[in-house]
Structures are given as C-alpha cells and as structure tokens.
Amino acid sequence: MGTGRVVTITDVLGVMREFEPYEPAGIGTGLIAWELHRPEAAIRPLIERASAAGWIAPAGRDRRSGEELWRLTTHGRAQVAAA
C-alpha cells in the first residue's frame, strides 16, 4: 500500500482478517501499522473506532511487550466480507 492513500477502518479489519490464523492470541496495532506502512499513532484512532462499532474486541496483552491485542468479532468479520 502506498503512503499517499488514506487508511480506513476497512483496511485495518482486512489486516486483522489476514493475520487471524497466524496470531491466535490477537493482533496488535504494531503489526497493523507495519502492514499498512503507517505509524502506530495513525492506526490507534481507527482501532478505537472499530472497537466502538463492535467490529473488534480486546483479546488481552502481549506477554513480552505488554501491547494490547485485538480480535475481530463476528460483526467485524461480516463487515470485512461486505467490503
């Protein structure tokens, strides 16, 4: 993804769907930011909005880094599928 394109919640949810099978404990903003070539600070508001919409839910914290991890909800998976 080029750096000139605006990142959307759908982009964030898409990364989460892509990595779910490989990250069963949950997905952190760091991985999402890395995949979307954006700073974590740019991803956090999208995570907050996706959480408020019920598309993602907290999945705990990374044992090593303490980073909050997230998981798609059923509603979030449906949102990605509809996009």
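## Contacts of Val 15

Val 15 touches Ile 32, Glu 35 and Leu 36 when residues up to four places away in sequence are left aside; a contact means heavy atoms within 4.5 Å.

Val 15 belongs to helix 1. Its relative accessibility is 6%, so Val 15 counts as buried; buried means under 20% relative accessible area, exposed over 50% and partly exposed in between, with a 1.4 Å probe and protein chains only.

## Basis of the model

This is a predicted model, in which local features need pLDDT of at least 70 and side-chain atom pairs count only at pLDDT 80 or more, while totals for chains, interfaces and linings use all residues. Residues are numbered from 1 along each chain as its sequence is written, and side-chain values use heavy atoms, with hydrogens and water left out.

## Architecture and dimensions

The protein chain has 4 helices and 3 strands, arranged from the N terminus as α-β-α-α-β-β-α. Helices (H or I, at least four residues) and strands (E, at least two) are DSSP runs numbered from the N terminus.

The C-alpha trace spans about 35 × 25 × 25 Å along its principal axes. The radius of gyration of the protein chain is 12 Å, which agrees with the value near 12 Å for a compact globule of 83 residues; this radius is taken over C-alpha atoms, and the globule rule is 2.2 Å times the number of residues to the power 0.38. Among contacts with a separation of 6 or more, 50% join residues 24 or more positions apart.

## Nonpolar core

The largest nonpolar core has 20 residues, and those with the most contacts inside it are Val 12, Leu 13, Met 16, Ile 32, Ile 43 and Ile 56. At least two residues of this core come from each of helix 1 (9–19), helix 2 (29–36), helix 3 (40–52) and strand 3 (68–72). Helix 1 supplies the largest share, 6 residues. Such a core is a set of buried Ala, Val, Leu, Ile, Met, Phe, Trp, Tyr and Cys residues joined through side-chain atoms within 4.5 Å.

Not counting residues up to four places away in sequence, the residues that Ile 56 touches include Leu 13, Met 16, Ile 47, Trp 70 and Leu 72.

## Burial and surface

Of the 83 residues of the protein chain, 35% count as buried. The accessible surface comes to about 5,000 Å², of which 53% belongs to carbon and sulfur atoms; accessible areas come from the Shrake-Rupley method with a 1.4 Å probe, and for residues only the protein chains shown count as cover.
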